[in-house]
Every structure is written in structure tokens, then in C-alpha cells.
Amino acid sequence: MEIGISAFAETTPYPGTGTTVSHAQRLREVVAEIELADQVGLDVYGLGEHHRADYAASAPAVVLAAAASRTSRIRLSSAVTVLSSDDPVRVFQQFATLDGLSDGRAEIMAGRGSFIESFPLFGHDLDAYDELFAEKLDLLLAIRDDPAAVTWAGGKHRPGVPGLGVFPLPVQQPLPVWIAVGGNPQSVVRAGTLGLPLAIAIIGGMPEQFAPLAELYREAGRRAGHDESVLRVATHSHGFVAPTTQQATDVHFKPYQGVMNQLGQERGWGYFSHTSYEAARSRRGALLVGSPREVAEKILLQHEQLGIDRFMLHLSAGTMPHADVMKAVELLGTEVAPLVRAEVG
């Protein structure tokens with residue numbers, strides 16, 4: 001089982017002071033986090049794409065490429081690439097370039113995205129939210145299958161490609177493409193039918209509630225004739241790890257509460273209180289915050305409930321001191337991951 005990290009390169013205000021780190025500083029911190037994650041033996045680092053002031057990584061492939069030359073084994077993934085508002089040719093070129101720089105460690109995690117800022121920015125109609133993703137995923141997979149000679153008939157939103165090459169060619173054949181979902185059954189079935197690995201974001205409720213989606217995915221894959229070995233499932237959950245539970249909650253709660261309530265105002269969620277936090281942090285809740293053993297136990301619970309092949313801990317949903325984040329990365333690699341691997345391999 002693979003253990004890794006996901007991040008959004010957040011630049012949210014520090015609780016209490018309202019100060020923020022610059023985008024440039026946060027990007028350099030992310031590269032340092034990836035370098036440390038590689039050193040402590042973590043398997044994957046995924047960086048999200050956003051196009052707003054409180055996140056620094058609008059071009060994840062560029063940041064991951066900066067980390068490629070400072071790492072040797074960790075896999076480097078988007079988390080996610082908002083494919084609906086991007087051009088699949090450029091996405092493939094960027095990640096094939098990353099694959100070359102990292103000697104075969106790049107992955108694309110494609111999704112529709114839970115933030116919509118990229119649609120007006122790049123001139124796309126939100127009414128075509130689902131249609132854009134389906135069409136562009138079809139093109140991306142056509143490129144992945146034969147990048148040296150891509151033939152694609154075209155669609156409603158993108159002209160065809162008449163037997164052209166998309167370069168550079170990646171080291172990995174094929175370049176890995178994951179489908180990221182937030183719980184939409186149609187998206188889960190699509191991933192299974194296509195035989196693509198699936199990443200499920202579990203950021204609320206109880207992880208066990210997502211077990212039927214994992215089974216729906218595997219059943220769709222089996223019905224499509226795919227070998228079960230390719231039907232891999234990953235989960236991504238918010239959390240934080242520190243030497244003790246108290247230290248973890250002291251660092252994590254206020255920044256996390258700030259982000260959840262900011263997004264709550266934008267999306268109509270209820271107020272996220274300390275009571276909400278403790279409920280989410282309970283054994284069956286979606287939030288993994290605590291000591292290395294506590295976090296390991298909750299990862300193992302997700303493995304038991306969903307049969308996951310990969311777990312990614314989203315360490316910093318709100319801006320936290322970089323030293324604390326680096327300590328969390330260290331603990332995830334040196335203490336949490338060994339505990340999990342001792343149980344599941």
C-alpha cells in the first residue's frame with residue numbers, strides 16, 4: 001500500500017494575525033516538502049491546481065518539475081488537473097516533460113475540480129461542466145494511447161487531431177492517468193469502465209460511506225473486462241500528524257477551521273465549530289489528526305473499509321508554520337507509513 005501527501009500550496013491568512021506568506025515563498029516551501037517526503041520514504045506527492053489568491057499552484061506540473069531534480073523515487077502527481085478547463089494536448093506535454101525530468105515518476109490525476117475559477121478565466125461555459133470533462137478526457141486518453149500519432153475525431157468543444165504527434169514522449173508507456181472524484185457515481189462508473197485508477201476525496205462524513213462507491217468502481221471495471229490488478233483505489237483525506245495528539249490539534253485546528261468556514265461562506269455550509277472538528281476527528285470521522293499511531297490506525301481503517309491501494313494525507317488545508325508541516329511530513333514517512341506497511345505490506 002502506498003502512502004503519500006496531497007497539497008494545494010495554500011496562502012490563507014494565519015489565524016489571529018491575518019498575515020499571509022507570499023506565493024513565491026509557499027511554492028518554495030512545497031518543493032522543500034516534496035524533497036523531504038522523498039527522503040523519508042513516502043510514495044507519492046500530489047499538488048492541486050487552483051486559480052485564486054489563496055492558493056499558489058496554478059501550474060502544478062511546473063512546481064513538480066522543480067522538485068523532480070531534487071528527488072529520486074517519489075511519484076509526482078497533480079491532485080487534481082482541472083481537465084475541463086485545460087487543453088489535453090498541453091496537459092500531456094507538461095506531464096510527459098515532468099516524466100522525462102523525473103525519469104518516469106509523473107502521474108496525471110484528472111478531475112472536474114471543486115473550484116470553478118478556471119472556467120471564466122479560460123473562457124469556458126460552466127453549463128458545459130460535465131460535457132467538457134468527458135470530451136477532454138477522451139482526447140487525453142487518445143494521446144496517452146499513441147502519443148506519436150494521435151488521431152481524434154474532435155468534439156463539440158475541441159477540434160480534432162489528424163494523426164499528429166504530441167511530444168516529448170514520456171518515459172512511462174503509458175503515462176499514468178488517474179480519475180479523481182468527490183462521490184459522483186457516474187464518474188466512478190466511468191473510471192471503472194475505462195480501467196483507470198480511481199482517487200476518492202473523503203473530506204466529510206465517514207469513510208465507510210464511500211465503500212459502496214469503491215465496489216461500484218470495481219464492478220464496472222470487471223463488467224468492462226479489465227483485470228482487477230489495474231482497478232486501483234486511492235483515498236485523499238484532510239489531516240495532520242504531530243508527536244502527540246495535543247500538538248497536532250494545537251497546530252491544525254485554527255487554520256483548518258478558518259478554511260472550512262471561508263469555503264462554507266462561499267458554498268452555503270454550516271459553521272465549522274470545535275465540536276464539528278472533534279466529531280470529524282473521531283475514529284469513524286473523515287479527519288485524520290493526531291499522533292502517528294492514531295493517524296496510522298485511521299488509514300488502516302480506510303484500507304479495511306474500502307480496500308485502498310494508496311492513501312494521501314492532505315496535510316495543510318490552511319496555512320500552518322512551515323516547520324510544523326515539515327515535521328508532519330517527517331512523521332508520516334518515518335512513523336506512520338511503517339506502521340501501516342507492517343499491517344498491509
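Ala, Val, Leu, Ile, Met, Phe, Trp, Tyr, Cys and Pro count here as nonpolar, Asp, Glu, Lys and Arg as charged, and the others, Gly among them, as polar. The views below show a predicted model.

**Figure 1. Lining of the second largest pocket.** By these classes, the residues around the second largest pocket comprise 10 nonpolar, 6 polar and 2 charged. The space in this second largest pocket amounts to about 250 Å³. Its lining is made up of 18 residues, and those closest to the pocket centre are Ser58, Ala59, Pro60, Asp86 and Gln94. Helices H2 and H3 (88-101) are the elements that give two or more residues to this lining. Of the elements, H3 gives the most, with 6 residues.

**Figure 2. The largest pocket and its lining.** The volume of the largest pocket is about 820 Å³. A total of 42 residues line this pocket, and Phe8, Gly113, Ser114, Ala201 and Ile203 lie nearest its centre. Two or more lining residues come from each of strand E5, helix H5 (129-145), strand E8 (177-181), helix H6 (185-194), strand E9 (198-201), strand E10 (233-241), helix H8 and strand E12 (310-314). The most is given by H8, with 4 residues.

Figure 3. The structure contains 1 cavity of 30 Å³ or more. The largest cavity holds about 40 Å³ of space. Its lining consists of Glu10, Tyr14, Arg26, Glu29, Glu33, Ser316, Thr319, Met320, His322 and Val325. The elements that give two or more of these residues are helix H1 (23-39) and helix H11 (322-344). The largest share, 3 residues, comes from H1. By class, the lining of the largest cavity has 3 nonpolar, 3 polar and 4 charged residues.

**Figure 4. Aromatic contact between Tyr55 and Phe115.** The model has 7 aromatic pairs. Tyr55 is placed in the loop between strand E2 (44-47) and helix H2 (60-68), and Phe115 in the loop between strand E5 (106-111) and helix H4 (118-121), so the pair ties together parts that are 60 residues apart in sequence. Tyr55 has a relative accessibility of 6% and counts as buried. Phe115 also counts as buried, at 11% relative accessibility.

**Figure 5. Aromatic contact between Tyr256 and Phe272.** The rings of Tyr256 and Phe272 likewise form an edge-to-face pair, with centres 5.6 Å apart and planes at 80°. Tyr256 belongs to helix H8 (residues 245-267) and Phe272 to the loop between H8 and helix H9 (274-281), so this pair ties together parts that are 16 residues apart in sequence. Tyr256 and Phe272 are both buried. The two residues are also members of a cluster in which ring pairs link Phe253, Tyr256, Phe272 and Tyr277.

**Figure 6. Arg267 over the ring of Phe115.** Arg267 is positioned over the face of Phe115, at 4.5 Å from the ring centre.

Figure 7. Phe167 and Pro168 are joined by a cis peptide bond, with omega of about 5°. Pro168 is located in the loop between strand E7 (161-164) and E8. A cis bond also runs from Gln173 to Pro174, where omega is near 0°. The loop between E7 and E8 holds Pro174 as well.

Figure 8. Although Ala9 is not a glycine, its phi is positive, at about 55°. Ala9 is found in the loop between strand E1 (2-7) and H1. With a relative accessible area of 0%, Ala9 is buried. Asp103, also not a glycine, has a positive phi of about 60°. The position of Asp103 is in the loop between H3 and E5. Asp103 is exposed, with a relative accessible area of 62%.

Figure 9. An unreviewed UniProt entry annotates residues 1-309 as "domain: Luciferase-like". Over residues 1-309, the chain is 42% helix and 16% strand. The C-alpha atoms at the ends of residues 1-309 lie 5 Å apart.

Conventions
Residues are numbered from 1 along each chain as its sequence is written. This is a predicted model: local features need pLDDT of at least 70, side-chain atom pairs count only at pLDDT 80 or more; totals for chains, interfaces and linings use all residues. Side-chain values use heavy atoms; hydrogens and water are left out. Rings of Phe, Tyr and Trp (its six-membered ring) pair if their centres lie within 6.5 Å; planes under 30 degrees apart count as stacked, over 60 as edge-to-face and the rest as tilted. Buried means under 20% relative accessible area, exposed over 50%, partly exposed in between (1.4 Å probe, protein chains only). A charge sits over a ring if NZ of Lys or CZ of Arg is within 6 Å of the ring centre and within 35 degrees of the ring normal. On a 1 Å grid over the protein atoms alone, a cavity is a set of points where a 1.4 Å probe fits but cannot get out, and a pocket is an open set with protein on both sides within 12 Å along at least five of seven lines; lining residues have an atom within 4 Å of a point. Grid points are joined across faces, edges and corners, and a volume is the space filled by probe spheres set on the points. UniProt positions are given in the numbering used here, feature names are shortened, and annotations may be inferred rather than shown by experiment.
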